[in-house]
Amino acid sequence: MALSFGASYRAAGLVARRALSGRGPSLLRHAPRAHHEARSYATTIEADSRGFTLQINESGKEIRTRLPKIWLRDNCRCTKCVNQDTMQRNFNTFEIPDDIAAQEVVPNSEGVEVLWSDSHRSNYTWAWLQSTLPGGENKSLSNDVGKRLWNSSIGASAPEVAFEDVMNTNDKSGMADLTDKIRVYGFCFVANTPKTPEATNKLLESIGPVRHTHYGGFYDFVPDLAKADTAYTNLALAAHTDTTYFTEPAGLQAFHMLYHRPPPNQSSAEGAWGGQSLLVDGFYAAHRLRRESPDDFNVLRKARIPWHASGNEGIAIAPDKAYPVIEARGRMLHRVRWNNDDRGVVPLDIDVDEWYRAARKWVEILKRKQNEYWFQLEPGRVLIFDNWRVLHGRSAFEGLRRICGGYINRDDFISRWKTTNFPSEEVIAANMQLK
């Protein structure tokens, strides 16, 4: 059979990419304003007896890669190969013949159709083929892109969405706005939330399942030391992240103050009894540490420290290994893990004096007034924040406060962000090629 191997087909495609939201206050570093960026590219695919060569020319840049036959056949996304309800493979990859070959290659304006030697017919869009090339993945779907660093000035215009918009089941733009603001800034308020634990729980579960820990699931407490943790007191708490002692710390955390009743015979003036809340952008603090003292930054990035939760009867939790205070991938910050109260013993196989010097500098940056965002929690205004990035604390208080909220796993939050901000097919393609 005569095949058109070696013949090339060039098609012009257009990919619309959702840019990062530009909504929000003017801060220390800016992301692009919201827009759809049109990107044009020319694609060439060549087939020979050994497989395929894909070439994309975009803005004068040429990218070429080999597509092995078994790889291309394995990644067919047709309804016979992929269960459209579960999006899982519907066939046994390893029943594909070793000598699978292309019988026909038919390019068109949308992509390319391949008839295989096992009589199966596959279609691959130009956009999908482009995304498979090294460096061709959709960067806009990366949670690491476009984060905005902030300090106390964020209080002038803190990110906020309305409860009714988030909970609108007929329009996912409210949830998209909430999750994107948490991703970009590390926190967001949800205003006009009904002042009940039931409504708060419903809000959190609309993002993802509430995570259960040794504290339980959704929490609703007053400072009665029901758990052996200073959070269950009226004492001041320095800026920290929660659950440092888990292999995977809680992704999101939420607080909703249902009421704050004054002590007997004391003034009822708002804020007179203390209990202000504190947020610090851990990524901005790490950024300042790297700028001001690179050696200290590297110490906190490299030195692995034990963390633990051992205060409750029958509980002795520690992560799978020791973790550093700052986790980074190259220049990209990944996670901050800091709670000096839950820190274990600094290991003697590192330079202990060096670590304490670096940690002292870290705490000094965290405590700078210009880095602390103080505010008063209010009934009806839920705070949701990224526990991998934003540290939280509070001032001491008098009286009786009732707080409810919960944890949400990181993966569930990122899933909700993706599915409300991007087309489903784009999300699936990016997940399948996660690097």
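Two strands pair if DSSP finds at least two bridges between them. Helices (H or I, at least four residues) and strands (E, at least two) are DSSP runs, numbered from the N terminus. This is a predicted model, in which local features need pLDDT of at least 70 and side-chain atom pairs count only at pLDDT 80 or more, while totals for chains, interfaces and linings use all residues. Residues are numbered from 1 along each chain as its sequence is written, and side-chain values use heavy atoms, with hydrogens and water left out.

**Two hairpins around β6**

Let us start with strand β6. A hairpin joins β5 to β6 through 3 residues. Strand β5 covers residues 102–107 and runs antiparallel to β6, with 5 bridges between them. Within this pair, V105 has V114 of β6 as its bridge partner, and P107 stands opposite V112.

On to the next strand: β6 also runs antiparallel to β7 (residues 121–125), again through 5 bridges. Here L115 faces R121 of β7. These two strands form a hairpin as well, with 4 residues between them, and S119 in the turn has a positive phi of about 75°.

Strands of a sheet pair through backbone hydrogen bonds, either parallel or antiparallel. V190 has V382 in β17 as its bridge partner.

Now look at F221, which lies in strand β10. The C-alpha atoms of F221 and R401 are 180 residues apart along the chain, yet they are separated by 8.3 Å.

**A sheet of 4 strands**

Another open sheet has 4 strands in the order β11-β18-β13-β16, with antiparallel pairing. At its edges, β11 (237–240) and β16 (373–375) each pair on one side only. The twist here averages 15° from one strand to the next. β11 pairs with β18 (residues 390–394) over 2 bridges in the antiparallel sense, and H240 stands opposite H392.

The axes of helix α6 (residues 282–292) and helix α7 (residues 294–302) come within 5 Å and cross at roughly 130°. The two helices are therefore oblique to each other. Angles under 35 degrees count as roughly parallel, over 145 as roughly antiparallel, 65 to 115 as roughly perpendicular and the rest as oblique. Contact means heavy atoms within 4.5 Å. On the α6 side, the contact is made by A286, L289, R290, R291 and E292, and on the α7 side by P294, D296, F297 and L300.

**Single residues to look up**

Most residues other than glycine have a negative phi, and most peptide bonds are trans. M87, in the loop between α1 (69–74) and β5, has a positive phi near 60°. N192, in the loop between β9 and α5, also has a positive phi, of about 65°. The table shows how accessible these and some other residues are.

| Residue | Relative accessible area | Class |
|---|---|---|
| M87 | 32% | partly exposed |
| C188 | 0% | buried |
| N192 | 53% | exposed |
| F221 | 15% | buried |
| C404 | 0% | buried |

How many disulfides does the structure hold? The structure holds 0 disulfides, a disulfide being a pair of cysteine sulfur atoms within 2.5 Å.

Terms used
Buried means under 20% relative accessible area, exposed over 50%, partly exposed in between (1.4 Å probe, protein chains only). Axes are lines fitted to C-alpha atoms, for helices over the stretch in contact, and angles run from 0 to 180 degrees between N-to-C directions.
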